[in-house]
Amino acid sequence: MSEELYTIGKVGEICQITTKALRYYDKMGILSPDKVANESGYRYYSKKNLLAVPMIKYYKQSGFKLEEMRGFLKGTTYDFFDKRFRKKIDELNELEKEINLKKRSIKDWHNLIVEAQMVIENNVCDVAVKYINSHNLTFLNQSFEYDYMDSIINIEFNNYIDSINNAVTGPVIICFPSFEDKINGKCNKIKIMQETILKCKEEVIIEFGGWMAVACYHIGTHETINETYKKIQEWTKGHGYICSEESYERYVTDYWTTKNMDKFVTEILVKVKREN
């Protein structure tokens with residue numbers, strides 16, 4: 001008694017797969033019909049042949065390409081499987097790292113956008129004292145010419161990150177050695193800092209935080225940021241705090257996110273201590 005054969009349409013119905021996919025599998029030498037009618041060209045598959053479809057789906061689910069499946073489907077040794085599976089695991093581990101990096105970059109950027117939205121919607125411009133958690137950032141010392149766009153979208157810094165085979169995330173932070181000089185247009189040196197995603201060598205990182213700071217959000221263009229610095233100075237004097245020389249500008253949203261400078265959000269941070 002001859003084995004029952006199924007048309008390509010019936011195979012598609014039974015296995016929940018398109019006839020287009022079945023034709024492509026035939027073309028790739030993955031799953032060929034048992035019989036092709038001479039006159040009509042109709043394709044017919046045996047039940048035994050259909051059992052390859054769930055296997056193909058599982059290999060596809062596991063990340064194997066069609067050309068990689070040929071050896072598995074034809075029948076091979078355990079050693080062949082072992083080597084190919086180990087290789088695929090290594091490939092998927094690398095892919096996982098790449099996907100996690102992308103997820104981290106997007107998530108951190110999204111958090112900054114949400115922060116900026118909340119600051120703008122609630123007009124959060126009050127001066128406050130808060131503790132800055134300690135964490136490590138990579139950094140680069142640079143000259144400063146009061147060109148904020150050039151300093152924040154920083155080609156030199158981006159090239160530097162590439163040179164240490166890393167990736168950055170979160171807000172750009174610029175350290176000004178003296179906020180008094182910065183306000184008065186005399187600042188010519190800065191330290192640009194940002195968090196890295198991958199582990200860094202100790203010589204290319206700096207500790208940021210671990211201290212109390214007076215903080216205030218500035219909403220709007222960087223050209224008017226001195227107004228917020230003056231607000232901070234007046235507040236600290238009136239509340240018995242002494243500011244350190246350094247200041248930090250944490251760019252929550254800026255040229256990276258919007259062209260509307262009125263919607264820029266910058267957090268100014270200055271280390272403080274109580275007057276004796």
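# Reading a predicted model, feature by feature

Colleague: Which residues form the nonpolar patch on the surface, and how much accessible area do they have together?

Modeller: The nonpolar patch brings together W109, I113, M149, I153 and W256, with about 430 Å² of accessible area together. In general, patches take residues with over 30% relative accessible area and no salt bridge; like charges are joined within 9 Å, and nonpolar side chains (Val, Leu, Ile, Met, Phe, Trp, Tyr) within 5 Å. The areas come from the Shrake-Rupley method with a 1.4 Å probe, and for residues only the protein chains shown count as cover.

Colleague: Which residues form the negative surface patch?

Modeller: That one is made by E145, D147, D150 and E223. Here Asp and Glu count as negative and Lys and Arg as positive, with His and the chain ends not counted. Each charge is placed at NZ of Lys, CZ of Arg, CG of Asp or CD of Glu. Take E223: you'll find it in the loop between β9 (211-219) and α10 (226-238), and with a relative accessible area of 60% E223 is exposed.

Colleague: Now salt bridges. How many does the structure hold?

Modeller: It holds 15 salt bridges. To count, a side-chain nitrogen of Lys or Arg must be within 4 Å of a carboxyl oxygen of Asp or Glu. Start with K10 and E13, whose side chains meet at 3.6 Å, N to O. Both lie in helix α1, three residues apart, which is about one turn of the helix.

Colleague: What about K83: how far apart are the closest N and O atoms in its bridge with D79?

Modeller: They are 3.4 Å apart. K83 and D79 share helix α6 (residues 78-121) and sit four residues apart, again about one turn of the helix. D79 is partly exposed, at 43% relative accessible area.

Colleague: Which parts of the chain does the E267 and K130 pair link?

Modeller: The side chains of E267 and K130 meet in a salt bridge at 2.6 Å, N to O. This pair links distant parts of the chain, E267 in strand β12 and K130 in strand β4 (residues 128-132), 137 residues apart. E267 is buried, with a relative accessible area of 3%, while K130 is partly exposed at 33%. There's also a network of salt bridges linking E115, K130, R250 and E267.

Colleague: Which residues does UniProt list for the "coiled-coil region"?

Modeller: The unreviewed UniProt entry lists residues 78-112. UniProt positions are given in the numbering used here, feature names are shortened, and annotations may be inferred rather than shown by experiment. In the model, this span is 100% helix and 0% strand, and its end C-alpha atoms lie 50 Å apart. The unreviewed entry also lists residues 5-75 as "domain: HTH merR-type". That stretch is 56% helix and 13% strand, with its end C-alpha atoms 23 Å apart.

Colleague: Last one: how far apart are P177 and E246 in sequence and in space?

Modeller: P177 and E246 are 69 residues apart in sequence but 4.7 Å apart in space, C-alpha to C-alpha. P177 itself is in the loop between β6 and α9 (179-183).

Note on methods: Residues are numbered from 1 along each chain as its sequence is written. This is a predicted model: local features need pLDDT of at least 70, side-chain atom pairs count only at pLDDT 80 or more; totals for chains, interfaces and linings use all residues. Side-chain values use heavy atoms; hydrogens and water are left out. Helices (H or I, at least four residues) and strands (E, at least two) are DSSP runs, numbered from the N terminus. Buried means under 20% relative accessible area, exposed over 50%, partly exposed in between (1.4 Å probe, protein chains only).
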